[in-house]
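The entries below follow the order in which I looked them up.

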Amino acid sequence: MVSSQNESSLLSSEGDSQRTQYPYVTGTSVIGIKYKDGILMAADMGGSYGSTIRYKSVERLKQVGKHSLIGASGEISDFQEILRYLDELILHDNMWDDGNSLGPKEVHNYLTRVMYNRRNKFDPLWNSLILGGVKNGKKYLGSVSMIGVHFEDDHVATGFGNHLALPILREEWREDLTFEEGVKLLEKCMRNLLYRDRSAVNKLQIAKITEEGLTISQPYSLKTFWNFAAFQNPTVGAEGSW
Amino acid sequence: MTKEHANWSPYDNNGGTCVAIAGADYCVIAADTRMSTGYSILTRDYSKICKLADKSYMASSGFQADVKALQKVLSSRHLIYQHQHNKQMSCPAMAQLLSNTLYYKRFFPYYAFNVLGGLDSEGKGCVFTYDAVGSYERVGYSAQGSGATLITPFLDNQLKSPSPLLLPAKDAVTPLSEAEAVDLVKTCFASATERDIYTGDSVEIIILNAKGVRSETEQLRKD
């Protein structure tokens, strides 16, 4: 009994209690694609507290400097901390006052290092991030996970988006998508997520970033379609069921 | 009072297979370009090969974030070496550096399974194969990663390497021509792709010889 007492006091010192983490308020999938003029990203505005959809106006798409856009899923408070890190990064970049500015590739690399180093300290930021942007005509779209796994591609998604949205994007994405086509494609994916991801909410934003600049849309909802024949009179073949 | 257990792992296996074959005056280094996590494919177009020096190419599979960090550490160490010695590192020197770098993190390892390929100072092909904590040896050929168990027996059969226990030591580099070795590598990956779910999409092949470096890409099954 004495030894186990010692063991637990050794283990529950302040240092250790910072380590193991659980996410509390989380955002679900983010999806991003390259299109003709730049990058399009979509995310809903839900912040779930376990199985409760606690917050419905969480902005998970944010601007980073002049050339980049970040979308985050996972723990919202960790995302807010990441935004503070990025704010400082961009501030210092501006303070050089040398006409240079960090492009999306650089910001993605910075985020990767931050996530990986936190993972090395066993104190991860519980997020999956998507970073997109355009600089000097070059489009960039990358992803980083909470343990530092990172890559770039023409289409990326986090969380459930990997399972439900990416297959659609892989099938229907093209190099020369127009803005309207890109939005339609993202909406198709977001609708699919809405149907099948229980933590999705029907209030989303779509962000567009091009060489000219960034716009994040006002929140809006998607039309959903429940007129499947199987849903009309569902109990007709089995009286008494529901 | 039971110890708290973490509900996340600092490691992940992003899959993939790497192969290298040493020839009399060339070296072939190859790796597939699929990056996975669990049962999902993250991207089909990701290079696992890194040029560490003019004559040293490293192919690594395993946990991609660790692989990238390892590549960064070795590249910057090589840059420092060049500043201090005014020359490129030889492949055997890089091999030792890689081993030391891996062992340095013996108690929180880089989850990276590496194959280092290049040309030694005599211009002969050399391949070094590693485990995650830096144990290494020079061999005539090697495969690492998720498809290694499928490829290694095939290479054993086709390359008929002499036993490393023989005295006097017999040369392990294959007498095959460069074109035959490249073809053999393509066959290896086509076979591994059939049965290993983490291998596929395409294979990137780097061929090093006295004339320089050449790259080939071959498409693989995407399922």
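Which residues line the second largest cavity? I find A:Thr28, A:Ser29, A:Asp44, A:Met190, A:Leu193, A:Leu194, A:Ala200, A:Val201, A:Leu204 and A:Leu222.

I note the conventions: this is a predicted model, where local features need pLDDT of at least 70 and side-chain atom pairs count only at pLDDT 80 or more, while totals for chains, interfaces and linings use all residues. Residues are numbered from 1 along each chain as its sequence is written, chains are lettered from A and ligands numbered from 1 in the order in which they are written, and side-chain values use heavy atoms, without hydrogens and water.

I took a cavity as a set of points, on a 1 Å grid over the protein atoms alone, where a 1.4 Å probe fits but cannot get out; lining residues have an atom within 4 Å of a point. Points are joined across faces, edges and corners, and a volume is the space filled by probe spheres set on them.

I find 2 cavities of 30 Å³ or more. Helix H7 of chain A (residues 179–196) gives the largest share of its lining, 3 residues; helices (H or I, at least four residues) and strands (E, at least two) are DSSP runs, numbered from the N terminus.

I then turned to the largest cavity, with a volume of about 110 Å³. Of its 15 lining residues, B:Tyr46, B:Lys48, B:Ser60, B:Gln64 and B:Val67 are the closest to its centre. Strand S6 (56–62) and helix H1 (64–85) of chain B each give two or more residues to this lining, and H1(B) gives the most, with 4.

Notes:
1 Å grid on protein atoms, 1.4 Å probe; cavity = no way out; pocket = protein on both sides within 12 Å on 5 of 7 lines; lining within 4 Å.
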